[in-house]
Amino acid sequence: AALVIGALAGLQLPRLPPWWCASLLLAGSACVWACASGWRRIAAAGVLGAALCVLHATHALSIQLPPVMERGDFLVQGRVVGLPLHEPQRSAFEFRVESDGAIPEALRGRLLRLSWYDDRREGPDARRDAIEAGSEWRFTVRLRAPRGLRNPGWFDGERRAMAQRVTAVGYIRTAEPLERVAGGRGIDRWREQAATRIDAVVERGSARFVRALAIGDTRGLDDLDWEALRATGLTHLVAISGFHVGMVGGFFALVATGVWWCLPWLGRWLPRPQAAAIVALLASTVYAAVA
């Protein structure tokens, strides 16, 4: 509790202290927490939480796009991460820039949130077929630091971008050359293909919910869907909670137990309880990565 209260106190600071000051507080409070007891240990936990919060905030601000690069055009190369969102006039996706020496230092290895808008040469079909999850691209983008409206009690886009470590937002300059370096691959590409197969075999009105429940793909859910899920208390099902992961792990633990029961000689190699635990852990890890 003291750790959380300290972190909340750190978020209320009007200005961040220097990183070296937070680092000294972190090291000192950790030593006091390990050696002291009673109220001193509680106070040290609070200082530790505040120092951790300040260091995270300092790092998140340090990787944002520098003001001198605002509204600039930059040639970048990297990979599409996550599942791209295709709309009638644009595609939105996250893009991880490669750590290449030819790319500006402020963008190397950073996460960008980009949009590809239609023009006279490209249409929605071209965007949908080209921007695959896990595909690699080289193109020119116009960037700015993440900014957003901060109306009281409403969604704070800038805070979310900071929490997700997004360096900049922008759009592809379609007037400049676009090169697709490699096709889609990896776990995100598999998720995208699974979502396409679900759309093909499930009734159109229900496919978006099946995608959300099975692989955590919530791209098809609109505001009315979320409102209905909240009203019926079902948002936890779509969120891929720990309950989902626990069910998958428990199911595969039962499968492993059945295999060991049918093949008793496996117990000489590995006892059945340990085998069930290992299989459950591996299955839960894979499912968490997929969803």
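## The salt bridge between D73 and R142

D73 is partly exposed, with a relative accessible area of 36%; this class lies between buried, under 20%, and exposed, over 50%, computed with a 1.4 Å probe and protein chains only. Its side chain meets that of R142 in a salt bridge of 2.7 Å, N to O. A salt bridge here is a side-chain nitrogen of Lys or Arg within 4 Å of a carboxyl oxygen of Asp or Glu. R142 is partly exposed as well, at 25%. The pair links distant parts of the chain, with D73 in strand β1 and R142 in strand β4, 69 residues apart. Strands (E, at least two residues) and helices (H or I, at least four) are DSSP runs numbered from the N terminus.

The model is predicted: local features need pLDDT of at least 70 and side-chain atom pairs count only at pLDDT 80 or more, while totals for chains, interfaces and linings use all residues. Residues are numbered from 1 along each chain as its sequence is written, and side-chain values use heavy atoms, with hydrogens and water left out.

## Salt bridges in the helices

The whole structure holds 16 salt bridges. One of them joins D188 and R191, with the closest N and O atoms 3.7 Å apart. These two residues are separated by about one helical turn because they stand three residues apart in helix α6 (residues 187-201). R191 is buried, at 10% relative accessible area.

D225 and R208 form a salt bridge of 2.8 Å, N to O. This pair links helix α8 (residues 223-231), which holds D225, to helix α7 (residues 204-215), which holds R208, across 17 residues. D225 is buried at 8%, whereas R208 is partly exposed at 24%.

## The nonpolar core

The largest nonpolar core has 22 residues, of which V76, F93, F95, L107, F139 and L143 touch the most other members. Such a core is a set of buried Ala, Val, Leu, Ile, Met, Phe, Trp, Tyr and Cys residues joined through side-chain atoms within 4.5 Å. Two or more residues come from each of β1 (72-86), β2 (90-97), β3 (111-117), β4 (136-144) and β5 (166-172). Strand β4 gives the largest share, four residues.

## H86 in strand β1

H86 is found in strand β1 and is buried, with a relative accessible area of 17%.
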